[in-house]
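Q: Please take a close look at a single part of this model, namely one place where two elements of secondary structure pack together. A connected account of that packing and of the residues around it would be welcome.

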Amino acid sequence: MGKMNYFLGLQIKQLKDGFFINQSKYCKELLKKFDMDNCKAMSMPMGSGTYVDQDESGVSIDITKYQANPKESHLTAVKRIMKYLKGTMNVGIWYPKGSVCNILGYSDADYTGCKIDRKSTSGTC
């Protein structure tokens with residue numbers, strides 16, 4: 001077995017035939033920090049009908065753990081993402097020795113979709 005190294009919270013395991021990267025250590029620490037280490041895992045980070053905005057009239061929550069002024073709807077969305085992380089902790093990327101690493105990124109932006117300032121918001125990646 002190869003040696004496990006950590007870089008920016010990612011686990012990198014180097015083997016003689018390549019290396020494997022995952023984020024299980026980071027996810028475990030994040031879930032524990034917000035008392036969600038025993039939560040139910042989810043297969044998707046957001047429901048298809050979820051839309052998060054400032055929610056000015058939403059129910060306020062205890063903000064001692066947060067840096068902004070979140071509402072209950074924001075906390076619900078974040079908890080869903082955390083449950084998704086719990087279910088995908090051991091997912092990673094395998095790079096076989098000698099492979100070429102070309103990374104392509106795609107995103108789904110809704111162009112002026114924010115109800116407040118009409119700026120673009122991202123959908124899914």
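A: Among the contacts in the chain with a separation of 6 or more, 50% are between residues 24 or more positions apart, a contact meaning heavy atoms within 4.5 Å. The model is predicted, so local features need pLDDT of at least 70 and side-chain atom pairs count only at pLDDT 80 or more, while totals for chains, interfaces and linings use all residues. Residues are numbered from 1 along each chain as its sequence is written, and side-chain values use heavy atoms, with hydrogens and water left out.

The chain has two helices and four strands, arranged from the N terminus as β-β-β-α-α-β. These elements are DSSP runs numbered from the N terminus, with helices (H or I) of at least four residues and strands (E) of at least two. Of the 125 residues in the chain, 20% are buried; the classes of relative accessible area are buried (under 20%), exposed (over 50%) and partly exposed (in between), with a 1.4 Å probe and protein chains only.

The part examined here is the packing of helix α1, residues 24-33, against helix α2, residues 72-87, at an angle of about 140° and with the axes 10 Å apart. The axes are lines fitted to C-alpha atoms, for helices over the stretch in contact, and angles run from 0 to 180 degrees between N-to-C directions. The angle makes α1 oblique to α2, since angles under 35 degrees count as roughly parallel, over 145 as roughly antiparallel, 65 to 115 as roughly perpendicular and the rest as oblique. The crossing of the two helices is left-handed, which means that the near helix is turned anticlockwise from the far one by less than a right angle. Cys 27, Leu 30 and Leu 31 make the contact from α1, and Met 82, Leu 85 and Lys 86 make it from α2. By class, this contact comprises five nonpolar residues, no polar ones and one charged residue; Ala, Val, Leu, Ile, Met, Phe, Trp, Tyr, Cys and Pro count as nonpolar, Asp, Glu, Lys and Arg as charged, and the others, Gly among them, as polar.

Helix α1 also contains Ser 24, which is buried at 6% relative accessible area. Apart from neighbours within four places in sequence, Ser 24 is in contact with Gln 11, Met 89 and Asn 90. Within α1, Lys 25 and Glu 29 stand four residues apart, about one turn of the helix. They form a salt bridge whose closest N and O atoms are 2.9 Å apart, the criterion being a side-chain nitrogen of Lys or Arg within 4 Å of a carboxyl oxygen of Asp or Glu. A search of the whole structure finds one salt bridge. Both partners are partly exposed: Lys 25 at 35% and Glu 29 at 44%.

The loop between α1 and α2 includes Asp 35, which is exposed at 61% relative accessible area. Asp 35 has a positive phi of about 55° although it is not a glycine. Most residues other than glycine have a negative phi.

The loop between α1 and α2 also holds Ala 41, partly exposed at 37%. Not counting residues up to four places away in sequence, Ala 41 touches Lys 83, Lys 86 and Gly 87. Ala 41 and Thr 88 are 47 residues apart in sequence, with a C-alpha to C-alpha distance of 8.3 Å.
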